[in-house]
Amino acid sequence: MNNFLISIYNKIIKQSKKNFFFENFLIPDSFNSRLEIFELNLILILWYMKTTEIEKKNVESLINFFIKDLEFLLRESGESDSSIPRKIRRLVENFYGRLTSYSDEFRNINEKKKNKLIARLKKNFDSKIIKYELIDAYICHNIKYFLELEKEDFLNLKFDFFSDI
């Protein structure tokens, strides 16, 4: 993977670790919640890349890097070699389901149509204490931010996520 995509991936990691997700949005600090946050931010970037027609090979490379990173994380956490393929398959299937459903909702938000983002978030995060309306606001602000972002600024890595919620 090229340096451009590695830099984008690292920006997603950095964003996904920010404390406001846990302190303000009340997302539980667990492996599954951190993965959900990361996937949500990754999907925002993938959605932007598709919307602005950034080369499809870059989108695919970013997804492939994420899948390899998942495999590495499972190995690092002590999963047995025999269970990793099954767990990766399940995580990847879940990711592609989220990619499709969140991308549809992002498009609906952009087109100012009725959306079911909060319902999807509740299903995927599966927690009653989370302030889903803040996650919804975070997503809406980022959709607006990325749609106003010049493609060249993105390609030159002159962007960050909107996080002032």
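# Questions on burial, pairing and packing

Colleague: Why is R107 called partly exposed?

Modeller: R107 has a relative accessible area of 38%. Buried means under 20% and exposed means over 50%, with partly exposed in between, so R107 is partly exposed. All of this refers to a predicted model.

Colleague: What makes R107 and D104 a salt bridge?

Modeller: Their closest N and O atoms are 3.3 Å apart. The cut-off is within 4 Å, from a side-chain nitrogen of Lys or Arg to a carboxyl oxygen of Asp or Glu, so R107 and D104 qualify. Side chains of opposite charge can pair when their charged atoms come close.

Colleague: Why are R107 and D104 separated by about one helical turn?

Modeller: Because R107 and D104 are three residues apart in helix α5. D104 has a relative accessible area of 30%, which falls between 20% and 50%, so D104 is partly exposed.

Colleague: How do you know that E55 and K57 form a salt bridge?

Modeller: The closest N and O atoms of E55 and K57 are 3.7 Å apart, and the limit is 4 Å, so the pair counts.

Colleague: Why is K57 called exposed, and why is E55 called partly exposed?

Modeller: K57 has a relative accessible area of 53%, and exposed means over 50%. E55 has 48%, which lies between the two limits of 20% and 50%, so E55 is partly exposed.

Colleague: What makes E111 and K113 a pair?

Modeller: Their side chains meet in a salt bridge, at 3.1 Å from N to O, which is within 4 Å. E111 has a relative accessible area of 39% and K113 has 47%. Both values lie between 20% and 50%, so E111 and K113 are partly exposed.

Colleague: How many salt bridges are found in the whole structure?

Modeller: A search finds 10.

Colleague: Why is F161 called buried?

Modeller: Its relative accessible area is 5%, and buried means under 20%, so F161 is buried. F161 is found in the segment after α8 (151-155).

Colleague: What is F161 in contact with, leaving aside its neighbours within four places in sequence?

Modeller: The contacts of F161 are K11, I12, Q15, N41, L44, I45, Y138, N142 and F146. D126 is 35 residues from F161 in sequence and 24 Å from it in space, C-alpha to C-alpha.

Colleague: Which residues have the most contacts inside the largest nonpolar core?

Modeller: They are I45, F106, I135, I139 and F154, in a core of 53 residues. At least two core residues each come from α1 (3-16), α2 (20-23), α3 (31-51), α4, α5 (84-110), α6 (117-125) and α7 (132-148). The largest share, 12 residues, is supplied by α3. Not counting residues up to four places away, I45 touches I8, I12, L62, F146, F154, F159 and F161.

Colleague: How do you know that S33 is buried?

Modeller: S33 has 6% relative accessibility, and the limit for buried is under 20%, so S33 is buried. S33 lies in helix α3. Beyond residues up to four places away in sequence, S33 touches I27, P28 and F125.

Colleague: What makes the nonpolar surface patch?

Modeller: F31, F72 and L73 make it, with an area of about 300 Å². A patch residue needs over 30% relative accessible area. F72 has 48%, so F72 passes that limit. Its place is in helix α4 (residues 56-76).

Colleague: How many helices and strands are there in the protein?

Modeller: There are eight helices and zero strands, and the pattern along the sequence is α-α-α-α-α-α-α-α.

Colleague: How do you know that the radius of gyration agrees with a compact globule?

Modeller: A compact globule of 165 residues would have a radius of gyration near 15 Å, and the protein has 16 Å, which agrees. The C-alpha trace spans about 45 × 40 × 25 Å along its principal axes. Of the 165 residues, 42% are buried. Among contacts with a separation of 6 or more, 65% are between residues 24 or more positions apart. The accessible surface comes to about 9,500 Å², with 49% belonging to carbon and sulfur atoms.

Terms used. Residues numbered from 1 in each chain as written. Predicted model: local features only at pLDDT ≥ 70, side-chain atom pairs only at ≥ 80, totals over all residues. Heavy atoms only, no water. Patch = residues over 30% accessible without salt bridge, like charges linked within 9 Å, V, L, I, M, F, W, Y side chains within 5 Å. Areas by Shrake-Rupley, 256 points an atom, 1.4 Å probe, with all protein chains shown as cover. Helix = DSSP H or I, 4+ residues; strand = E, 2+ residues; numbered from the N terminus. Buried < 20%, exposed > 50% of the residue type's maximum accessible area, 1.4 Å probe, protein only. Core = buried A, V, L, I, M, F, W, Y, C linked by side-chain atoms within 4.5 Å. Contact = heavy atoms within 4.5 Å. Rg over C-alpha atoms; globule rule 2.2 N^0.38 Å.
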